[in-house]
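This report looks at a single chain through its strands, its nonpolar core and its side-chain pairs. The sequence and the structure are shown here.

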Amino acid sequence: EVLQCVGLPKLDRGSDSDAVVYLVCGSYAFATDVIPNNSNPIWLRKSRRACTMPVFNGYSRLFIGVFDDDSGPRDDFAG
């Protein structure tokens, strides 16, 4: 479950970050809702912020990335 990010860098001109978090484990992936114009985003209770992913062995890796959502083909990595 993703609850909050603190102190995200300002990656857009004229606005704060449009935060989105991606989680990837094997062939499974999840993305949170985008929180627009906020360097300290909080995902509220009714927002898309939690998921369940199967873990098939103790060596499974979970990758988590925070990105600045952009209208172009690529989001900017924020942390």
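The sections below go from the basis of the model to the sheet, the core, the salt bridge and the aromatic pairs.

## Basis of the model

This is a predicted model, in which local features need pLDDT of at least 70 and side-chain atom pairs count only at pLDDT 80 or more, while totals for chains, interfaces and linings use all residues. Residues are numbered from 1 along each chain as its sequence is written, and side-chain values use heavy atoms, with hydrogens and water left out.

## The sheet

Strands here are DSSP runs of E with at least two residues, numbered from the N terminus, and two strands pair if DSSP finds at least two bridges between them. On that basis, four strands form an open sheet in the order β2-β1-β3-β4, with antiparallel pairing; its edge strands are β2 and β4 (76-77), each of which pairs on one side only.

Strand β1 (residues 19-25) is joined to β3 (residues 63-68) by six bridges, and A19 has D68 as its bridge partner in β3. Four bridges join β1 to β2 (residues 28-31), again with the strands antiparallel; here Y22 is partnered by A31, and C25 stands opposite Y28. The hairpin of β1 and β2 has two residues between the strands, and in it G26 takes a positive phi near 65 degrees.

## Burial and the nonpolar core

Five of the seven residues of β1 are buried, so that the strand is mostly covered; buried means under 20% relative accessible area, exposed over 50% and partly exposed in between, with a 1.4 Å probe and protein chains only. A nonpolar core is a set of buried Ala, Val, Leu, Ile, Met, Phe, Trp, Tyr and Cys residues joined through side-chain atoms within 4.5 Å.

The largest such core has 13 residues, and those with the most contacts inside it are C5, L8, V21, L23, W43 and V66. Its largest share, four residues, comes from β1. Leaving aside residues up to four places away in sequence, L8 touches S17, A19, N38, S39, P41, V66 and A78, where contact means heavy atoms within 4.5 Å.

## The salt bridge

The structure holds one salt bridge, defined as a side-chain nitrogen of Lys or Arg within 4 Å of a carboxyl oxygen of Asp or Glu. The side chains of E1 and R49 meet in it, at 2.9 Å from N to O. This pair links distant parts of the chain, with E1 in the segment before β1 and R49 in the loop between β2 and β3, 48 residues apart. E1 is exposed, at 62% relative accessible area, whereas R49 counts as buried at 17%.

## Aromatic pairs

Rings of Phe, Tyr and Trp (its six-membered ring) pair if their centres lie within 6.5 Å, and planes under 30 degrees apart count as stacked, over 60 as edge-to-face and the rest as tilted. The count by this rule comes to three aromatic pairs. The ring centres of Y22 and F67 are 5.4 Å apart with the planes at 65 degrees, so this pair is edge-to-face; it links Y22 in β1 with F67 in β3, 45 residues apart. Y22 is partly exposed, with a relative accessible area of 29%.

Y28 and F56 form a tilted pair, 6.5 Å centre to centre and with 40 degrees between the planes. Because Y28 lies in β2 and F56 in the loop between β2 and β3, this pair ties together parts that are 28 residues apart in sequence. Y28 is partly exposed at 38% relative accessible area, while F56 is exposed at 65%. Ring pairs also link Y22, F67 and F77 into a cluster.
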